[in-house]
Amino acid sequence: MKRTIPILIASFVGFLLIFSKFIPPFEEWETKVSVWFDILAAFAFVLGGGNLLKNQIKKVHEQKPGWGFAAVTGIAFLATLVVGLFKVGVPPAFQTPEHVWSGEYMQEGSAFWWTYEYLYIPLAATMFATLAFYISSAAFRAFRAKNAEASLLLGTALIVLLGQTTFGSRLTEGLPESLSMLRIDSLKEMFLNVFNTFASRAIMIGIALGIVSTSLKVLLGVDQSYLGAD
Amino acid sequence: MSVPEKQLDRRWLFALTILVVGLPLLLRLESTQREVSQMVTNVYEAIDNLPEGSLVLLPFDYDPSAEGELQPMADVFVRHCAERKHKLIFLTIWPQGVGMIQRATNLLQQEYPEYRYGIDFVNLGYRPGYEVVINTVINDLPSLYDADQVGTPVRQIPLMRGVENIRNIPLIINVSSGDPGLKQWIQYAATPYESINIVAGTTGVQASTLYPYIPHQMIGMLPSLKSAAEYEQRLLKKYPHIGERESVTNTAQLRMMSQDAAHVMLIAFIVISNLIFLLRRRGERAV
């Protein structure tokens, strides 16, 4: 019973949504179920936040390796949550000055806005920017013409990389019109529009067929892994 | 000729990377594009050819980590739409996208003071649910976005009157840095409903996976900072008064110079390391 009812619900809702695509009177059901999903997704944040906090507290309590990072994560999470929920530093909305909490949580100058603007943005940008160093170090070590396949990859990467620069475009712009297909820009476009596109389409069609078969397994109750181990 | 086995200290490489990326930005060097690619032209014309004052949906599905590459695209799209006096509806399916929309609305308020909130543009903010949000707003927008970012009921916002879903919005301009994002807007909105046209700005990393959708499911996209620089240049050429403003209006071209320098450095390193590798291998074979 513990497994049968969830399987029946999943199966019923799944098939209902498939049919709603083909039977116009049922179209509205799709919208309704979508709204239910969006509401459930909001609750998932509560679960996710609770789980995150539980794990960090456990790590700190048991003094596991890296517990200091867990403490920072937990404190940062709680601080952001508190300033956001209680709208710290947010003035009341212009239209309703009598309601203290009527302002927008992200209003400029508020504590949440300050956290986002001066902590989150610089941290996220810094994390991403460090990639430049890894890429510059890894690229010239990885792209080696060790064999025919590697040479092909190297040649393609160099052309696409050059095509992403203004320098690359200028390098071959002097070629006559009859040889315009050999310009770096044209070669880059050809690689992306032709070779990349047909390979990507093949992969996408493969993935789509995989999704259809996996979904059917779930809807028919053959695959029950989403229900957990017990 | 044999080349001695010696590893380059990585710190030299990192120091050079800082210089190459940082100097053009500090010196405010601008990268000038000679040609505008067909893809950029298609995106530009999709916005420019819309009748003045058309309704445009702008989902900004990216976060600060991709801001370096995507903010210039978002800025040029917003400026172009404002020059054409289009009515703008902002929303995001990324929680971090709220701040990115705030940048766009700040730009509108600073550079286009005549743009009035609720009449010419509106910020619907974020709703959880990822791609299902797209699936919902296609059929019934107010059921999910019953209020805007500041809590004003959408029924009271003049711009939103009559907007029951996004099927009749002639153009979606998506700025996206990953999943869910552009792929989902194409799959759930632009593909099933022919009335919905979509153009986009996206990171170079995910651009290659999106080429298969052009031109039937998506009009075009700015697949890299270079495209954004081309777009910006074309926009500034047509509307030169944008460049006369106090705010920096050529961000894409400024950042492109830094990217140009970094890419040329990478290419040089790849070529040099391969030459050394080949010389070493030849030396080993000769022994």
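**Stop one: chain A as a whole**

Among contacts in chain A between residues at least 6 apart in sequence, 28% join residues at least 24 apart. Keep in mind as you look around that this is a predicted model. Select chain A and color by secondary structure: there are seven helices and zero strands. Zoom out, and the C-alpha trace of chain A spans about 70 × 50 × 50 Å along its principal axes. Its radius of gyration is 27 Å, whereas a compact globule of 230 residues would come in near 17 Å. Buried residues account for 11% of the 230 residues in chain A.

**Stop two: a helix crossing**

Next, select residues 148-163 of chain A, helix α5, together with residues 184-219, helix α7; their axes come within 8 Å and cross at roughly 120°. That angle is why α5(A) counts as oblique to α7(A). The crossing is left-handed. To see the contact, show A:Thr156, A:Ile159, A:Val160, A:Leu162 and A:Gly163 on α5(A), then A:Ile184, A:Asp185, A:Leu187, A:Lys188 and A:Phe191 on α7(A). Color these by class and you will find six nonpolar, two polar and two charged residues.

**Stop three: where chain B meets chain A**

Now bring in chain B, where 50 residues are in contact with 45 residues of chain A. Elements giving two or more residues to this side of chain B include α1 (10-26), α3 (67-83) and α10 (251-286). Which element gives the largest share? Select α10(B), which supplies 12 residues. By class, the side of chain B that touches chain A has 20 nonpolar, 21 polar and nine charged residues.

Definitions and conventions
Residues numbered from 1 in each chain as written. Chains lettered and ligands numbered in written order. Predicted model: local features only at pLDDT ≥ 70, side-chain atom pairs only at ≥ 80, totals over all residues. Contact = placed C-beta atoms within 7 Å. Helix = DSSP H or I, 4+ residues; strand = E, 2+ residues; numbered from the N terminus. Nonpolar A, V, L, I, M, F, W, Y, C, P; charged D, E, K, R; others polar. Axes fitted to C-alpha atoms, helices over the stretch in contact; angles between N-to-C directions. Parallel < 35°, antiparallel > 145°, perpendicular 65-115°, else oblique. Left-handed = near helix turned anticlockwise from the far one by under 90°. Rg over C-alpha atoms; globule rule 2.2 N^0.38 Å. Buried ≥ 20, exposed ≤ 12 C-beta atoms within 10 Å, placed from the backbone.
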